[in-house]
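User: I would like to learn how to read packing, pockets and cavities from a set of coordinates. Can we go through one case step by step?

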Amino acid sequence: MSGAQHAAAVDDELALLYPDAHCALVHADPFQLLIATVLSAQTTDARVNTVTPELFTRYPDAAALAGARREDLEEILRPLGFQRAKAGHLLGIGAELTERFGGEVPRTREELVALPGVGRKTANVVLGNAFGVPAITVDTHVGRLSRRLGWTTSKDPVRVERDIASLWDPERWTDGCHRLIDHGRAVCTARAPRCQECALLAAGLCPQAGL
C-alpha cells in the first residue's frame, strides 16, 4: 500500500467513525468564524463557545467591533486568558475589515494572514469552513496523528500541512482534518492513547500501536 493509499484508507475509516465531523467553533458566518478562531489560540474551542454569544450579540459585525471599548472586550474575553492581546487583535481585525474590505472577510490566504492575530492555521480554518476552499488545518491533534500514522516526521505545522497535502486529494483536506481532530480527542490522545479501542488498529492501519 502506497503512502497515499494508506492516507486515503485512514480517512475512509475515520469517515465511518465520525460521519458528522465539523468545525467545533460555533459560528453563523465568516466573520464569526474568523473571530472565534483567533480567540481559540491557547484555549479550547469549547471555552471559546462560552464567550462568543455575548461577544457577537454586542459586536455583530466588523464596524461594531472596530468601535468597541478595549476594556469592554477584555472583560468579555477574560475567561479565555490573554484577554489584552486578544482584545487588541479583535480591535485591529474590526478596523482592517471595515477600512480595507468593506466589512467583509477576505477570501484569500494572503489577505487573511495580513490581519492582526491571524496566522496560516486560522486562515486555513476560515478558507475551508467558511468559503469551501480546500485547506488543511494543522492543530496539535492533526500534527500528532500525522506523525503516529507515519505521514510526516516534522513538528513544523507548515511542513506537516505540505506532507498531508502530498497524500490526500484536496477534497479530503478540510473534513479529513476534522476527523483527525475528533479521533485525537476521543481515542488517539497525547497521553495514554486508547489503542485497543482504535478502529485504525483493528483495520491494520496504525503503525504506532501501543504508543
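User: Which residues does Leu90 touch, not counting residues up to four places away in sequence?

Analyst: This is a predicted model. Leu90 touches Ile35, Val38, Leu39, Leu55, Leu65, Leu73 and Leu77 once residues up to four places away in sequence are set aside.

User: How should I read such a set of contacts?

Analyst: In soluble globular proteins, nonpolar side chains tend to be buried together. Here the largest nonpolar core has 37 residues. Leu90 is among those with the most contacts inside it, along with Leu34, Ile35, Leu55, Leu73 and Leu97. At least two residues of this core come from each of helix H2 (30–39), H3, helix H4 (62–66), helix H5 (70–77), helix H6 (83–100) and H8. H2 gives the largest share, 7 residues.

User: Which domains does the assignment give for the protein chain?

Analyst: The assignment gives domain 1 (3–22 + 136–203) and domain 2 (30–119). Their centres, taken over C-alpha atoms, are separated by 28 Å.

User: Now the empty space. What is the general idea?

Analyst: Rolling a probe the size of a water molecule over the atoms shows where empty space is left. In this model, the largest pocket holds about 420 Å³ of space. It is lined by 24 residues, and the closest to its centre are Asp45, Lys121, Asp139, Ile181 and Arg185.

User: Which helices each supply at least two residues of the lining of the largest pocket?

Analyst: Helix H3 (45–58), helix H8 (120–130), helix H9 (140–148) and helix H11 (170–186) each do. H11 brings the largest share of the lining, 6 residues. Domain 1 and domain 2 each contribute at least three residues to the lining of the largest pocket.

User: How do the residues of the lining of the largest pocket divide by type?

Analyst: There are 8 nonpolar, 11 polar and 5 charged residues in that lining.

User: How many cavities of 30 Å³ or more does a search of the whole structure find?

Analyst: The search finds 1. The largest cavity holds about 130 Å³ of space. Its lining has 15 residues, and Arg148, Cys188, Cys195, Cys198 and Cys206 lie nearest its centre. H9 and helix H12 (199–202) are the elements that give two or more residues to this lining. By type, the lining of the largest cavity has 11 nonpolar, 2 polar and 2 charged residues.

User: H9 has come up for both spaces. Why is H9 said to be largely enclosed by the rest of the structure?

Analyst: Count its buried residues. H9 is largely enclosed because 7 of its 9 residues are buried. They are His141, Val142, Gly143, Arg144, Leu145, Ser146 and Arg148. The buried residues of H9 pack against helix H10 (157–165) and H11.

User: Which residues is His141 in contact with, leaving aside its neighbours within four places in sequence?

Analyst: His141 is in contact with Leu180, Ile181, Gly184 and Arg185.

Conventions. Residues are numbered from 1 along each chain as its sequence is written. This is a predicted model: local features need pLDDT of at least 70, side-chain atom pairs count only at pLDDT 80 or more; totals for chains, interfaces and linings use all residues. Side-chain values use heavy atoms; hydrogens and water are left out. On a 1 Å grid over the protein atoms alone, a cavity is a set of points where a 1.4 Å probe fits but cannot get out, and a pocket is an open set with protein on both sides within 12 Å along at least five of seven lines; lining residues have an atom within 4 Å of a point. Grid points are joined across faces, edges and corners, and a volume is the space filled by probe spheres set on the points. Helices (H or I, at least four residues) and strands (E, at least two) are DSSP runs, numbered from the N terminus. Ala, Val, Leu, Ile, Met, Phe, Trp, Tyr, Cys and Pro count as nonpolar, Asp, Glu, Lys and Arg as charged, and the others, Gly among them, as polar. Domain bounds come from an automatic or database domain assignment. Contact means heavy atoms within 4.5 Å. A nonpolar core is a set of buried Ala, Val, Leu, Ile, Met, Phe, Trp, Tyr and Cys residues joined through side-chain atoms within 4.5 Å. Buried means under 20% relative accessible area, exposed over 50%, partly exposed in between (1.4 Å probe, protein chains only).
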